[in-house]
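Here is a brief report on one protein chain.

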Amino acid sequence: MHHLGILPTKAWAALACQFLRLPQVRAVANLPHGQIAQPAQLPQLEPERRKLDFLVKTPKGTRDCSPQQMVLREKIFSTIINCFKRHGAEQLDTPTFELKETLTKKYGEESKLIYDLKDQGGEQLSLRYDLTVPLARYLARNKVKKMKRYQIGKVFRREAPSVVQGRYREFFQCDFDIAGQFDPMIPDAECLKIVCEILSGLQLGDFLIKVNDRRVVDGMLAACGVPDSQLRTIGLSLDKLDKISWENVRCEMVSQKGLAPEVADRVGDYARLCGGVSLVERLLQDPQLAQSKQARAGLEDLNLLFDYLTLLGVFPQVSFDLSLARGLDYYTGVIYEAVLAQPPAARGEEPLGVGSVAAGGRYDGLVGMFDPKGHRVPCVGLSIGVERILAVVEQRMEESKEKVRTTETQVLVAAAQKSFLRERLKLIAELWDAGIKAELVYKDNPKLLPQLQHCEATGIPLVVIVGERELKDGVVKLRKVASREEVDIRRDAVVAEIQRRIAEA
C-alpha cells in the first residue's frame with residue numbers, strides 16, 4: 001500500500017483550493033513585507049449588458065391572465081359551479097395527461113390535434129384533449145354505472161389559435177355529465193336547461209341553442225347518397241355552415257373530398273333547413289328519411305326532447321338545425337351547440353365572433369370502449385367554453401370603461417402620526433383573527449394622505465385610523481372612503497362595528 005507523504009504548504013493550499021473551488025491565495029512568503037494576500041479577482045457579470053438567447057413570451061396559443069381577468073374568470077366559474085351544484089352534480093378530477101392509447105381513436109379527424117408527450121418513464125402519454133374521454137375511462141375503470149358529475153380543468157389542443165375569437169391551445173373546460181340508464185331524453189333535457197341557466201346567468205345577451213341528432217345526420221347523408229366511408233368527413237364539412245357559405249362547403253365536399261355534385265346538392269337541400277317541432281314532424285313524413293331506421297329513431301327522440309324543453313321553459317332558445325353535425329366521433333345521439341347573437345359593432349369596430357360558447361351531446365358507446373367486457377354506460381353531457389365567454393365579457397367591459405377590483409380588502413388599518421406601527425399591527429391582527437379582510441401599508445411611518453389615496457385607488461371601503469388622540473381617548477377613527485365620513489369608535493368595539501357595516505353593505 002502506498003502511503004501519503006507530507007506535502008509542502010503551498011501544495012496543500014493548491015489541493016484544498018482545487019477541492020473547494022476557492023480562488024487561490026498567493027503565498028505570503030512571496031509577497032513584499034507588510035502586504036496582505038488577496039484572493040484572485042473573478043470576472044463580474046454585467047446583467048445590463050447580458051443578452052437573452054430566447055424570446056420572453058408565452059408559448060403560442062397560451063396566455064397569462066392578469067388580476068383583472070382572474071376576477072372575471074372567478075365570477076364566471078362561480079356562476080357555472082353554482083348551477084352544476086343546483087342540479088345535484090358531484091365534483092370529479094382526472095389527470096392532466098393520459099395514456100396515449102386512452103385518447104387515440106376517440107376523436108376522429110380531431111385526433112391530429114392531440115399533444116403527445118416525450119416518453120420518460122416507459123409510458124406513452126398525451127395531454128388530455130377534453131374532459132369527456134377521461135370521464136369515460138374513470139367510469140369503466142371504477143365500474144360506475146350511474147353518476148352526475150361536474151369537472152373544471154385545462155385541456156390542450158394543437159390547433160391554430162385565435163386570440164380574437166377566444167380560441168387557445170391551452171384552455172379551461174367546464175363539463176357537466178349524466179351517466180346511467182334512464183328513460184329517453186330526460187337527462188338530455190336537463191343538460192339543455194343547464195346551458196340556458198348558465199348563459200342567462202352570465203348575462204351574455206341573446207343566444208340560440210342549435211340541436212340535432214347524430215343519427216339524423218348520418219341517416220340524412222346516407223339517404224342523399226353519401227357512402228358510409230364518407231359519412232364522418234362529409235359531416236365535418238357540413239358542420240362548417242355556421243362559419244362559411246354553402247357554396248364554399250359544397251366546393252369542399254366535391255373538390256376536396258370527391259363527393260358527387262348531385263349528392264352534395266341533395267345534402268344542401270336538407271342542411272339549410274332549421275326550425276322546431278313542425279320541422280321534425282315534416283321530416284318524419286319525408287319518404288327518403290323514412291327509409292333510415294336510425295334517422296327515424298333520432299327524429300322521434302327529438303320530438304320527445306322538444307316536448308320536455310317546452311315544459312322546462314327553454315324551448316324558445318332552441319332551434320332544430322340539420323347543419324349541426326359535431327365532429328367528434330364518440331357522439332351517438334342528440335347533439336347541441338350554443339351560440340351568442342351577434343351584437344352590433346361598437347364605434348364602427350368588427351363584432352366579436354367567438355363561435356360556440358357551449359356544446360355537448362349524447363355518447364352512449366364511449367364507456368364501453370374501456371370496459372373489457374364492453375359493458376355500455378349511456379352518457380350525455382355539456383361543456384361550457386369559458387375562454388370564449390371571457391373574451392366577450394372583456395370586450396364589453398373595455399367598451400364600458402368599467403373598472404374591476406382585483407382584491408376584496410374591506411379595511412385598511414392606517415396611522416395619523418409616526419411611531420404607530422405596533423398599534424397598527426395589534427389592530428390588524430384582531431381584524432384578521434375575526435375573519436375581516438384587512439391590509440396595512442408596509443412602512444414604519446407612512447403619511448396619512450397616501451394611505452387614503454391607496455384606498456380610493458383600490459376600492460377599499462373602510463379605513464381605521466389610529467393616532468395620538470385616539471390612543472389617549474381609547475378610540476379609533478373609522479372612515480368611510482366613499483363619503484369621507486368619519487366617526488370615533490371605542491377601541492374594544494371596533495371589530496364588532498366593522499362586522500356590522502360589512503354585513504349591511
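## Nonpolar cores

The largest nonpolar core holds 76 residues, and those with the most contacts inside it are Phe-84, Ile-209, Val-211 and Leu-305. Helix H5 (residues 186-201) gives the most to this core: eight residues. A second, separate core has 24 residues, including Val-133, Leu-135, Ala-136 and Ala-140. In soluble globular proteins, nonpolar side chains tend to be buried together.

What does Ile-209 touch, not counting residues up to four places away in sequence? Its contacts are Leu-192, Val-195, Cys-196, Gln-317, Val-318, Ser-319, Tyr-336, Glu-337 and Ala-338.

## Overall make-up

This is a predicted model. The protein has 16 helices and 17 strands. Of its 505 residues, 44% are buried. Take the contacts between residues at least 6 apart in sequence: 67% of them join residues at least 24 apart.

## Annotated binding site

An unreviewed UniProt entry lists "binding site" for Asp-130, Leu-131, Thr-132, Arg-157, Gln-173, Asp-177, Arg-326, Tyr-330 and Tyr-331. Leu-131 sits in the loop between strand E4 (125-127) and helix H4 (132-141). Its relative accessible area is 0%, so Leu-131 is buried. Beyond four places in sequence, Leu-131 touches Arg-149, Gln-151, Gly-153, Val-155, Gln-173 and Asp-175. Thr-132 belongs to helix H4. Thr-132 counts as buried because its relative accessibility is 9%, under the 20% cut-off. With residues up to four places away left out, Thr-132 touches Asp-175, Tyr-330, Tyr-363 and Leu-366.

Arg-326 lies in the loop between strand E9 (318-321) and strand E10 (334-340). Is Arg-326 buried or exposed? At 16% relative accessibility, Arg-326 counts as buried. Apart from neighbours within four places in sequence, Arg-326 contacts Arg-214, Asp-239, Tyr-331, Ile-335, Tyr-336, Glu-337, Ala-359 and Gly-360.

## Salt bridges

Side chains of opposite charge can pair when their charged atoms come close. The whole structure contains 38 salt bridges. One of them joins Glu-387 to Arg-73, with the closest N and O atoms 3.0 Å apart. This pair links distant parts of the chain: Glu-387 is in helix H12 (residues 386-400), Arg-73 is in helix H2, and 314 residues separate them. Glu-387 is buried at 6% relative accessible area. Arg-73 is buried too, at 5%.

Glu-423 and Lys-426 also meet in a salt bridge, at 3.3 Å from N to O. Both lie in helix H13 (residues 421-433), three residues apart, about one turn of the helix. Glu-423 is partly exposed at 21% relative accessibility. Lys-426 is partly exposed at 48%. Arg-272 pairs with Asp-269, the closest N and O atoms being 3.8 Å apart. Arg-272 counts as partly exposed at 48% relative accessibility, whereas Asp-269 counts as exposed at 52%. A network of salt bridges links Arg-469, Glu-470, Asp-473, Lys-477, Arg-479, Glu-486 and Asp-488.

## Surface

The protein exposes about 28500 Å², and carbon and sulfur atoms supply 53% of that area. Which residues make a nonpolar surface patch of about 330 Å²? Leu-52, Phe-54 and Val-56 do. Phe-54 lies in the loop between helix H1 (9-20) and helix H2 (67-86). Its relative accessible area is 52%, so Phe-54 is exposed.

Methods: Residues numbered from 1 in each chain as written. Predicted model: local features only at pLDDT ≥ 70, side-chain atom pairs only at ≥ 80, totals over all residues. Heavy atoms only, no water. Patch = residues over 30% accessible without salt bridge, like charges linked within 9 Å, V, L, I, M, F, W, Y side chains within 5 Å. Areas by Shrake-Rupley, 256 points an atom, 1.4 Å probe, with all protein chains shown as cover. Salt bridge = Lys/Arg side-chain N within 4 Å of Asp/Glu carboxyl O. Helix = DSSP H or I, 4+ residues; strand = E, 2+ residues; numbered from the N terminus. Buried < 20%, exposed > 50% of the residue type's maximum accessible area, 1.4 Å probe, protein only. Contact = heavy atoms within 4.5 Å. UniProt positions renumbered as here; feature names shortened; annotations may be inferred. Core = buried A, V, L, I, M, F, W, Y, C linked by side-chain atoms within 4.5 Å.
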